[in-house]
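Here is a short report for a first look at a structure. Start with the view below, then read on.

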Amino acid sequence: MSEPISPDLAAPVVSAPRYDSAWSRLLRRPLAILGLVIILATVLGAVFAPWLTAFEPDAQMFDGLTIEGAPLPPDGKFWLGTDLLGRDLLTRILYGARTSLVIGIAANGTALIIGTLIGVTAGFFRGFVGAVLMRFTDLMMAFPALLLAICLAAIFQPSLWIVAMVIALVNWVQTARVIFTQTSSLAEREFIDAERTLGAGSVRILFRHILPHLVPTIIVWGTLGISTTVLLEATLSYLGVGVQPPTPSWGNIIFENQTYFQAAPWLVFFPGMAILALALGFNLVGDALRDILDPTQRGRE
Amino acid sequence: MAAYLVRRLFQAIFILLGVSVITFALLYLLPADPVRQIAGRSATAQTVENIRHQLGLDQPFIVQYWRYLTGLVQGDLGRSYLQRSEVSELIAARLPASLLLMAGAIACELAIGLTMGLVAAVRRGTVTDQTLMIASFVGVSAPQFVVGLLLLYFFAVQLGWFPIGGYGTWRHLVLPSVALGILGAGWYSRMMRSSMIDVLRQDYIRTARAKGLARGTVLLRHALPNAILPVIAMIGIDIGLFMSGIVVIESVFGWPGIGQLAWQAIQRVDIPIIMGVTLVSACAIVLGNLLADIVTPFIDPRIRLR
């Protein structure tokens, strides 16, 4: 025995950085792991879609319909059945995952940036600008998100990126409110006064002392927000004002096929479960992150 | 208290004004030109200009907005492009059906959500608790149109217990109410659980048990009323969720409310109807929030009025 102690015991003298511990705490929660597995599976499915399926998402196959022209139920060749145009449903769901994830990340990322900018500005600088920004946020809260998104989608011709921006424009409000509350309570704390007394300027205080404290909140709302975004995109596409066919999206798969849904319920069931699973995944992880990163919110809504 | 109410009321009016500015600006920005739609394809440039002038659409933005606003105050939401009738009449005719559906959904979400939350709090930390909380996550993650279509498939098409769609008897009301209420039930069960857990920690609950009251009596008579009130106060806020939900649920179930009206208007790009429904929904949301703001301090005197 040349080594006195094992390397495992020797290493952690200094406590691990905060986000490492948050990550390991996340991995101790079964529900969060379930959520992470769902998200990972969706990402892998979206990225490797061309290798996971033998079909093209837009290919309308002769043997993809019955002789009467009805969609096929799940079988050995078409694992999840086919849709009303004889396209492989599994293929469309895998490619649809790309749509959901791209919109989820782009729309929610934009919403997060808008919300954080408005919340921080209003919370830190207050005054007239702050008041105007927060009244505007209150105003946006009064619009039903779905109807506002529909109006915006009617104004701009919907494409993938337009849908993402429309969703971002209705979804930043929650983030702005939360960030505003946090920023304004931080701005009143004594360490900020101390910094100011030492001669630090607003910019330094903002970037060195306010923003780092907001990171956990931004992570939590970023995760929970993707779930909202995925649901809103699916709903807009289901109503026909979101992502337009032939680009597959889980919502427009149901929109296109719902006339067949009594005879071919799998055309609603499988894409519907995909939407539910992805939204659930982000909700589970986001909720766990909120418990871990924000102890004051523990067990509350 | 009175000052608080007045301030809240002014805020609500201010927000509604802002809502009208935004809806009007959206209407103004729309690429679809209403004059062209009214005049038809074969109209000459002169005819188009005449109609534009008659409708006042050649006036500056501010003048047009003022006309729109004075119309709104008198309940005039404009005319539908395609249905040749007043938007306010179309909405008024369909509002009762939507209110009925919302009442059904509130009953449903309270019944499901409060029960789940209560049971989860009492059985805190057990498998029952965890199962119920997973169920509540599924409830808030489920897209409403999928819930609606699946309920239709299983309970109407397969089992035949309820009609496939439409309006009329209580049987028609059940499935759409459940589909609309499940989202809220998910939130309520989580709020109810944490509210109940907070109450059960209080000293007076231990006192009640210590003086020999039965566990059931303490739960239902002493804990439940205090736990339930802050949760019930959220009903006003729910209206916002419903206003988005009814567009989807009413179109899935063929329910003749304002949501279906909006959905049909989306299909035909009938903008005044979409704007009208948006505006009415925004009013409902503002009133709902106002209601929640007014009710909450009455229910919980510990909340300071600001």
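## Chain B at a glance

Along its sequence, chain B runs α-α-α-α-α-α-α-α-α-α-α-α-α. That is 13 helices and zero strands. Helices (H or I, at least four residues) and strands (E, at least two) are DSSP runs, numbered from the N terminus. The C-alpha trace of chain B spans about 90 × 55 × 30 Å along its principal axes.

## Basis of the model

This is a predicted model: local features need pLDDT of at least 70, side-chain atom pairs count only at pLDDT 80 or more, and totals for chains, interfaces and linings use all residues. Residues are numbered from 1 along each chain as its sequence is written, chains are lettered from A and ligands numbered from 1 in the order written, and side-chain values use heavy atoms, with hydrogens and water left out.

## Where the chains meet

Chain B puts 49 residues into the contact and chain A puts in 46. Contact means heavy atoms within 4.5 Å. The area buried between chain B and chain A is about 4,000 Å², with 80% from carbon and sulfur atoms. Buried area is the accessible area (1.4 Å probe) that two parts lose on being put together, summed over both.

How many salt bridges are counted between chain B and chain A? The count is one. Asp287(A) pairs with Arg190(B) in a salt bridge, and their closest N and O atoms are 2.8 Å apart. A salt bridge is a side-chain nitrogen of Lys or Arg within 4 Å of a carboxyl oxygen of Asp or Glu.
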